[in-house]
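Please keep the sequence and the structure in view while reading.

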Amino acid sequence: MVTPLQVDPTTVANGINNVWVLVVTFLIFFMQPGFALLESGQVRAKNVGNVLMKNMSDWFLGTLIYFIVGAGVVGVVGGLTSGGGIAGAWGHVSDPNAWIGWLFGAVFAMTAATIVSGAVAERMNFSAYMLFTIVMTAIIYPVVVGFTWGGGLLSASGFIGAALGAGYLDFAGATVVHMCGGIAGLVAAKLVGARKGRYDESGESQPIPGHSMLLAVLGTFILAFGWYGFNVGTQATILAVGDDGTLTFMGAALGRVALVTTLGMSAGAAMAMLTSARYQGKPDPLWTANGLLAGLVAVTGAVPHVTWWGGAILGGLGGVLVLPAFRFTVDTLKTDDVCGVFAVHGVAGAVGTALIPVFAVGGFAVNQFALQVVGVVVIALWTVVASAIVLYVLDALVGLRVSEEEEIEGLDEGEHGVSVYPEFVPNERREGTVAADGGTDLRTDGGIDGGTDAGAVTGATDPGALAGEEVTGDE
């Protein structure tokens, strides 16, 4: 007689759920090369190595700092802003059972840090950037997590959340991760200053094309792929144990998150494409890519809380807003945000999260809406003030910006002594001349000294700024 295998259902559920968390964590990590490609494509060829170095540094430096300092700060802030205790804030360091959860939190922290690099590309001192990454992953981002997911200020048990009788809703980090990174990037870009040639003598913005639309769009697809880890992965329970010991597959919850994520990104891309066609006369691939990302950001905090059609509307709003938000950043704030991180991550994250109660599955609640708005303001103010203080200190200590000579030469050579595209001839302006290999070189600058590339000469959109500005043949 065969005896059925006796297995504790809780053990089975915990094992499968933990493996699921690990798998989606690896998927979120794969967003790091997506960011590297997206940002590399939007800078000039002479600065690609510097962008790659920053993206690698965000990971290897950020994980060390978040493990030693940042994750503990989350616990401290959560306890201090909710009346709870702070004992055990660094318990993850010595508890093997906490390491999977720590790693899942760490990939979110690295995303917030990496967003900043796209805003300050092509002119920020690498040492200053490294130091800012340390503070970002040790203090700035962890404080935001402490306010929200850490049970602090904005949570149901926090001082503000308890006063409003609700808990702040941001499921997978639209504001906690993306808006925090986008606003920190905006502040950094403003304080570092615009790239040489970004504004003319009258203060009008001038396009500085990036070197590869191909890399930027491929990076967008990789980010979108990894985003399923972000959103669907945060629905960490895939098997639940009932009171009677039965196992239940959480298919409906997973399905809602997956569907709203997909509809949000699609609506964002569609609306950005239509908006770019309206303002530029033709649908623009890079604006569409940015709209796709903005749509994802807009629904990241909302995916389990809103109806499917509400998710599509939120994603579409993110896509519509990304162009005017970028123009506001560049033309009104006079801030040279190279990859448009404030428009994509900051604005879309704020709007999408604030409007969650409007499209909530359970209906509109005034107190929840009030908390969402207050929460967005609190996170934004903290990020602005903390980032500004840190950057002013770094400017005094090491300087935020490279020299003018190094900026002209390119940060690859100046900061790292490398050339990502060694076949290009540096600082030799050639227009329709014969290249070294006998072919015709259509680049106006040999591809290395920062001038317009062949695509931009024909009137293509500025891929570096994603600004919707057109470059004419006499640029």
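Helix α7 covers residues 174–192, and at 1.5 Å a residue its 19 residues should span 27 Å, which agrees with the 25 Å between its end C-alpha atoms. The expected span is taken as 1.5 Å times one less than the number of residues in the helix. Because 17 of the 19 residues of α7 are buried, this helix is largely enclosed by the rest of the structure. Here, buried means under 20% relative accessible area, exposed means over 50%, and partly exposed lies in between, with a 1.4 Å probe and protein chains only. After α7 comes G193, which has a positive phi near 95°.

The model is predicted, so local features need pLDDT of at least 70 and side-chain atom pairs count only at pLDDT 80 or more, while totals for chains, interfaces and linings use all residues. Residues are numbered from 1 along each chain as its sequence is written, and side-chain values use heavy atoms, with hydrogens and water left out.

**The chain as a whole**

The chain contains 16 helices and four strands. Helices (H or I, at least four residues) and strands (E, at least two) are DSSP runs, numbered from the N terminus. The chain has 475 residues, of which 55% count as buried. Its accessible surface comes to about 18,800 Å², and carbon and sulfur atoms hold 68% of that area; such areas come from the Shrake-Rupley method with a 1.4 Å probe, and for residues only the protein chains shown count as cover. Among contacts with a separation of 6 or more, 74% join residues 24 or more positions apart. A contact means heavy atoms within 4.5 Å.

N231 counts as buried because its relative accessibility is 0%. Leaving out residues up to four places away in sequence, N231 touches F171, A172, V257, T261, T300 and V303.

**Cavities and a pocket**

Rolling a probe the size of a water molecule over the atoms shows where empty space is left. On a 1 Å grid over the protein atoms alone, a cavity is a set of points where a 1.4 Å probe fits but cannot get out, whereas a pocket is an open set with protein on both sides within 12 Å along at least five of seven lines; lining residues have an atom within 4 Å of a point. Grid points are joined across faces, edges and corners, and a volume is the space filled by probe spheres set on the points. The whole structure holds two cavities of 30 Å³ or more.

| Space | Volume | Lining residues by class |
|---|---|---|
| Largest cavity | about 80 Å³ | seven nonpolar, two polar, one charged |
| Second largest cavity | about 40 Å³ | six nonpolar, two polar, no charged |
| Second largest pocket | about 370 Å³ | 13 nonpolar, six polar, no charged |

In these classes, Ala, Val, Leu, Ile, Met, Phe, Trp, Tyr, Cys and Pro are nonpolar, Asp, Glu, Lys and Arg are charged, and the others, Gly among them, are polar.

The lining of the largest cavity includes F35, E39, N290 and H345. Helices α2 (31–41), α10 (285–300) and α12 (341–354) each supply at least two of its residues. The second largest cavity is lined by residues including W59, V107, M110 and T111, and α4 provides the largest share of that lining, three residues.

Which helix gives the most to the lining of the second largest pocket? Helix α4 does, with five residues. Of the 19 lining residues of this pocket, Y66, V74, G101, G105 and V145 are the closest to its centre.
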